[in-house]
Amino acid sequence: MLTLQPTLKPRRRKAKVQKIGLAVAGGGPVGGMYELGALRALDEAIEGLRLTDLEVYVGVSSGAFLASGLANQLATADMCRIFLTDDLAQGRFRPEVFLRPAFQEYLRRAAAIPQMIGSWMLDIIRNPDDNKWTDVVGRLGAIIPTGLFDNAEIERFLRTIFASFGRSNDFRELAHRLYVIAVDIDSGEAVRFGSPGFDHVPISRAVQASSALPGLYPPVEIDKHWYVDGALRRTLHASVALDAGAELVFGINPLVPFDASMALRNGLPVPSSLIEGGLPAVLSQTFRTLLKSRMQVGLDKYQTQYEHADIVLFEPRPDDTSMFFTNVFSYESRHKLAQHAYSSTLADLAAQADKLRPILARHGLSLRESVIHDRDRDLLDFLGQRPPRKTSVTLRLRHALDDLERNLQARAR
């Protein structure tokens, strides 16, 4: 679903000057794969658009992974190799790193149990009539872990990626501006890592903080402050790119409320109500609804506050079952979802090509007609041939052979 918000007062551009920004929202692993497919489609479908050479990048949560990669000259083809085919040697993606239990957080909370019980018993002795079961529940909350899964491995993965092939884990060394958004849990304020005063933080650490969704991942400590997912404050944070001077902003928001009634009317196989999916489905729909509501409020403000800027926003359709019911922790599902986003984005570009062409033309861009009208295009056609289906056994074998080859080469040297 493509939303176009043309400028009310277009400026006369100077030749060869492109002030283009990219804002990528969060959405967890599902959202990340959607965003990757959409970015790959934009890369191929828009003539003159150089996604690794934009004026400014803004990333939130899973979107921060992709925005920081592009700002670090990691092309969409390379990111497809990392996340979809596992063909990039220096960046082997393991989906299980997102699901490792946060044992350190568990132990830290468990260590507080004796003190909590001692304090409770002391209060009972001093004030036997004032203690109620509601007080017990309140005290127990302090020993519940702040996150189920460990996000430290995510930071290490990104640190490895940004430490190779001339890339950098330092905001200050990038050729283009990158902002990673997180929220200070103790103040509720959004922080722009990459801005003055926050640009000394390693990019990998900032992305770890931006993607620390409360309940799933523990808050991340940076300079004695604790940070969580940047989506808690706003959805897209496109205003950050606009404040930086971008006159055309491409936005991607992968999470929209799912319309089960619309899906049923269109003959899609869905449950009659999302409550059949239990608590995860209800929480997901609630979170998506909040994000979409804030997104719409932001778009309405942008048109008046940034009247010289064009905004092009990509989102899934409300009846998109793939975006609501897909598990992306398998190779096959990751590729399928990214391919779905890739095809949907090309279809959106084709459907609104007439309205989009003048917007792109203002910024020296154009649509590649042969690309947007090619319904048989595959996300991985750039590889020359589509990769065979991989299993965990074949991947481990190939990695072992790669490691053996590097060791033999090192010994020979």
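Tutor: Let us begin with aromatic rings. Rings of Phe, Tyr and Trp (its six-membered ring) pair if their centres lie within 6.5 Å; planes under 30 degrees apart count as stacked, over 60 as edge-to-face and the rest as tilted. Here, Phe 193, Phe 198 and Tyr 227 form one aromatic cluster. Please bear in mind that this is a predicted model, in which local features need pLDDT of at least 70 and side-chain atom pairs count only at pLDDT 80 or more, while totals for chains, interfaces and linings use all residues. Residues are numbered from 1 along each chain as its sequence is written, and side-chain values use heavy atoms, with hydrogens and water left out.

Student: How many aromatic pairs does the structure hold?

Tutor: The structure holds eight aromatic pairs. One of them joins Phe 258 and Phe 324, which are stacked, with 5.1 Å from centre to centre and 25 degrees between the planes. This pair links distant parts of the chain, since Phe 258 is in the loop between β9 (248-252) and α10 (260-265) and Phe 324 is in helix α12 (residues 321-325), 66 residues apart. Helices (H or I, at least four residues) and strands (E, at least two) are DSSP runs, numbered from the N terminus.

Student: Why does the pair of Phe 258 and Phe 325 count as edge-to-face?

Tutor: The ring centres of Phe 258 and Phe 325 are 5.4 Å apart and the planes stand at 85 degrees, so this pair is edge-to-face. Phe 258 belongs to the loop between β9 and α10 and Phe 325 to helix α12, so the pair ties together parts that are 67 residues apart in sequence.

Student: How does one read burial along a helix?

Tutor: An α-helix has 3.6 residues a turn, so residues three or four places apart point the same way. In helix α7 (residues 152-162), the buried residues are Ile 154, Glu 155, Phe 157, Leu 158, Ile 161 and Phe 162. They cover an arc of only 160 degrees around the axis, which puts them on the same side of α7; the arc is that of the directions from the helix axis to the C-beta atoms. Their cover includes α2 (62-71), α3 (76-85) and α8 (203-210).

Student: To what extent is α2 itself enclosed?

Tutor: Ten of the ten residues of α2 are buried, so this helix is largely enclosed by the rest of the structure. Among them are Phe 65, Ala 67 and Gly 69. Just after α2, Gln 73 takes a positive phi of about 65 degrees.

Student: How is the packing of two helices described?

Tutor: Two packed helices are described by the angle between their axes and the distance between the axes. Axes are lines fitted to C-alpha atoms, for helices over the stretch in contact, and angles run from 0 to 180 degrees between N-to-C directions. Helix α1 (residues 28-45) packs with α2 at an angle of about 35 degrees, their axes being 8 Å apart. Contact means heavy atoms within 4.5 Å. On the α1 side, the contact is made by Gly 28, Gly 31, Gly 32, Glu 35, Leu 36 and Leu 39, and on the α2 side by Ser 62, Gly 63, Leu 66 and Leu 70.

Student: Which residues are linked in a network of salt bridges?

Tutor: Such a network links Arg 40, Asp 43, Glu 44, Asp 374 and Arg 377.

Methods. Buried < 20%, exposed > 50% of the residue type's maximum accessible area, 1.4 Å probe, protein only. Salt bridge = Lys/Arg side-chain N within 4 Å of Asp/Glu carboxyl O.
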